[in-house]
Structure formats: C-alpha cells, structure tokens
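Colleague: Could you take me through one part of this model in detail? I'd like the helix packing and the charged pairs, please.

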Amino acid sequence: KLKKDLNTAKAEQNTKDERNILRSLIWKHYDNGNYIGTIETAELFLKRFNDQDDYVLNILFCALKNLGRNKAAVEAIKKAIEIDPSKSDYHYNYSLLIEINDVNEALIYLENLNDNHKKENIIKCKIILLKNKLNQDVTIDAAKIVQEYKINPATFSNFEKRVLLKPIFKIINEPFSFVEPDKKQMNQINNKDLLDTNNLPF
C-alpha cells in the first residue's frame, strides 16, 4: 500500500506526501528484514529530501551493518551523531562497530562520553558487558543494574530488556525472562529511535 501511495504522490507532484511516505517505507523495509530495500529507500530519501535526517541515517546504519557493509555503516552513524550527538542510542550503535575490531576501544569510546550519556541504561549496560568481555570484574556494577531493574523495571526500554539485561543477570547468576511484546506494540515502541539488534556480541 505504501508503494502505491508513493506512486500516487509522485504522479500528483505532492512532495510533502511523497516525503512522508518514503520515510515510512524506509522503516517498513527494515522491519520486514529487507535491508537492501532499506538502503535504497534511505539513500533516495537523503538525496531527494533531507540529508540531515539523523533518524534515517541511523536506520541506514542498521541496514548496512546487517549486510556487513561496515565502512558505509560507520559513515552513516558518524553523520547521525554529528547531527544529533545527544542521542545515546547512536553512540551505542557506533560502539558496536568499534567492538568488531577492538573491544577495548569500544569501551574507551563509551567511557569517554559525557555523564548524561553514561547515566543512560543502554550505555551503562553496554559498558558492563564490554568490561565483562575483557574479563574485568563487573559483579558489583551488574548487581546494581539488576537491583535497579527489580525496583523499577519501567525505566528500562524493551530493547534493553530484550538484548542487554539477560547477559547482565547471567553475570551474577540470576535468572531473567522477558516476554516479547507483539509486533504491533514493538513498532509503536521502536519506530522513532531504532537500535541495531542484530549480530550483537552476546
């Protein structure tokens, strides 16, 4: 339906609708695992409408990384960070690429972020997991995260629950379970700040 609407908007020279539909189509392709379609649509959007759209650049990063095109992925996520350095999600995503070649460098990158970023659960959790991968003792830090989660689980995003918390619970030998929301709920949750959830190191 989106493709049909896009063709209609083009035929009617309705630039506003074309822009909005194209942006929605980027997410639709990614959600369906069509990474080539994601890349093609994102690059078209960036060229035709707004090459400073950090959200689209982040989705482009995710699609490129999933296809192993890491050099292009670095360029996309670096540009997203340059446009909006306040988003911890982007820094997390960039650390995944650094980690491929050097776990310690990824840790240094995250530890050098400002305190506002390091207060975010996604960064705190990733730092713990990187330290654990480097065989550093993170038992106390992991226990703090587990306690924070038990006191107020609502402060953790579904992404953090789905991807980051299980290995942190495992560090202190505690069981963890997470019930995945249905796809419609996940789309509502994640369609604004998309994180790369594939090929993670845990």
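Modeller: I'll call it a contact when heavy atoms lie within 4.5 Å. Keep in mind that this is a predicted model, where local features need pLDDT of at least 70, side-chain atom pairs count only at pLDDT 80 or more, and totals for chains, interfaces and linings use all residues. Residues are numbered from 1 along each chain as its sequence is written, and side-chain values use heavy atoms, with hydrogens and water left out.

Let's start at alanine 80, in helix α5 (residues 70–83); helices here are DSSP runs of H or I with at least four residues, numbered from the N terminus. Alanine 80 has a relative accessible area of 0%, so it is buried (buried is under 20%, exposed over 50%, partly exposed in between, using a 1.4 Å probe and protein chains only). Beyond its neighbours within four places in sequence, alanine 80 touches Asp54, Leu57, Asn58 and Tyr90.

The axes of α4 (residues 54–66) and α5 come within 8 Å and cross at roughly 160°; axes are lines fitted to C-alpha atoms over the stretch in contact, with angles from 0 to 180 degrees between N-to-C directions. The two helices are therefore roughly antiparallel, the word for angles over 145 degrees. On the α4 side the contact includes Leu60, Phe61 and Leu64, and on the α5 side Ala73, Ala76 and Ile77. The residues of this α4–α5 contact split into ten nonpolar, two polar and three charged (Asp, Glu, Lys and Arg are charged; Ala, Val, Leu, Ile, Met, Phe, Trp, Tyr, Cys and Pro nonpolar; the others, Gly among them, polar).

Now the charged pairs. The whole structure has ten salt bridges, each a side-chain nitrogen of Lys or Arg within 4 Å of a carboxyl oxygen of Asp or Glu. In one of them, glutamate 99 pairs with lysine 126, the closest N and O atoms being 2.9 Å apart. Glutamate 99 is in helix α6 (residues 88–101) and lysine 126 in helix α9 (residues 121–133), so this bridge ties together parts 27 residues apart in sequence. Both ends are buried: glutamate 99 at 7% relative accessibility, lysine 126 at 1%. Glutamate 99 also bridges to lysine 133, at 3.1 Å between the closest N and O atoms. Lysine 133, at 42%, counts as partly exposed.

Terms used: Parallel < 35°, antiparallel > 145°, perpendicular 65-115°, else oblique.
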